[in-house]
Amino acid sequence: MSDPIVRKANVLVLAKDVKDPNNQPVYDLLAGDTNTGKGSIIGTSSDAGSLSSLPSSDLESANVLFCSYPDAELVKEALKLCPNVEWVHCRSAGVEHVMSEELTRHRCRLTNAKGCFSSTLAEYTLTSIGYFAKDFPRLNRQKKDKNWEKYSVREISKSTLGIIGYGDIGKASAKLAKAYGMNVLALRRNPSLSSGDPLVDVCYDNSKESLNKLMSESDYVLVAAPLTPATVDLVDAEALSHAKQDCVIINVGRGPIINEGALIESLKSKKLRGAALDVFTVEPLPVENDMWALDNVLLSPHNMDQTETFMREAAESFCGLVEGWVRGDDAVGNAVDKEAGY
């Protein structure tokens, strides 16, 4: 038997398009199509920029904001117009696009869609490792040239994966890496949280010295950290200079975490064997960017978490949190530290 409902969730959905089909699970929940309890959840949707046109009663009663549209100004406006907001949820894992000083100072709890995108990004990480370990570009060239020439490949087992940002994506990647027989190093703000973690051989703190050490010990480096003021240019020229010769960099976090100019130099000089990049400092990647021409770069248009159902699944995840929240669960598992930005 479900726990009793102890509070109402009056949800205001912030959407660029109120007809977004990915939000349908939320709309169904607001309509009372679940066992949450008739009348316990009401909601209103707003196209960006039209909040002030909503009935004042809806704005007054709203205590939960569901942000399916990453717009900090829209969230700020909602916080100003809705005096009773207790909880803000972001449909994405990254929250940098909704953060503001007003949201940081606000008494509300902030949560995200942590975990909804981790498995496919972990798959991409191990695919990228295989791409460079087995030299798939050479296979494609030889096939095109009808060239039957054998060559030695690298073994993934016994190699080392260093993970910068050991959150949910990092953990999912470590799990697959261990299945391949890899050693796993991790870097995170609080290494004690990984004490006893069977997926991690060594966990470092996030100091510069620790970052350089991880770079020097890793055959593959996964960047899975969130974008915050503290992580901009985290992997800079100094960090890249400490990288193992022939190291491969994989970035599924955010582009600005790696200094792009320094990365391009390291790739051109062959200090790095290659890079697999799903995110960039400027997106879409400008046509004049050198990355397009580098044959040791596996490049994707920030879509390696974009399954056919990923946004709908993120909305369904929020519905699960709401079901718990009305029964007294504050969704701490998806809580975001507003000061830290993740």
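Predicted model: local features only at pLDDT ≥ 70, side-chain atom pairs only at ≥ 80, totals over all residues.
In soluble globular proteins, nonpolar side chains tend to be buried together.

**Nonpolar cores**
- The largest nonpolar core has 32 residues, and the members that touch the most others are I164, M215, I249, L263 and M291.
- At least two residues of this core are supplied by each of β7 (183-187), α8 (208-217), β9 (220-223), α9 (237-241), β10 (247-251), α10 (260-268) and β11 (272-277), with α10 giving the largest share, 4 residues.
- L263, leaving aside neighbours within four places in sequence, is in contact with L240, I249, I258, L272, L277 and M291.

**Cavities**
- The model contains 2 cavities of 30 Å³ or more, and the second largest cavity has a volume of about 50 Å³.
- The lining of the second largest cavity is formed by N251, G255, I258, E260, L263, L277, V279, F280, T281 and M291, a set that divides into 6 nonpolar, 3 polar and 1 charged residues.
- L263 and M291 are among the residues lining this second largest cavity, and both are also named among the members of the largest nonpolar core that touch the most others.

**Serine 128**
- S128 is placed in helix α5 (residues 118-133) and is buried, with a relative accessible area of 1%.
- Not counting residues up to four places away in sequence, S128 touches I250, A276 and L298.

Note on methods:
Residues numbered from 1 in each chain as written. Heavy atoms only, no water. Buried < 20%, exposed > 50% of the residue type's maximum accessible area, 1.4 Å probe, protein only. Contact = heavy atoms within 4.5 Å. 1 Å grid on protein atoms, 1.4 Å probe; cavity = no way out; pocket = protein on both sides within 12 Å on 5 of 7 lines; lining within 4 Å. Points joined across faces, edges and corners; volume = space filled by probe spheres on them. Nonpolar A, V, L, I, M, F, W, Y, C, P; charged D, E, K, R; others polar. Core = buried A, V, L, I, M, F, W, Y, C linked by side-chain atoms within 4.5 Å.
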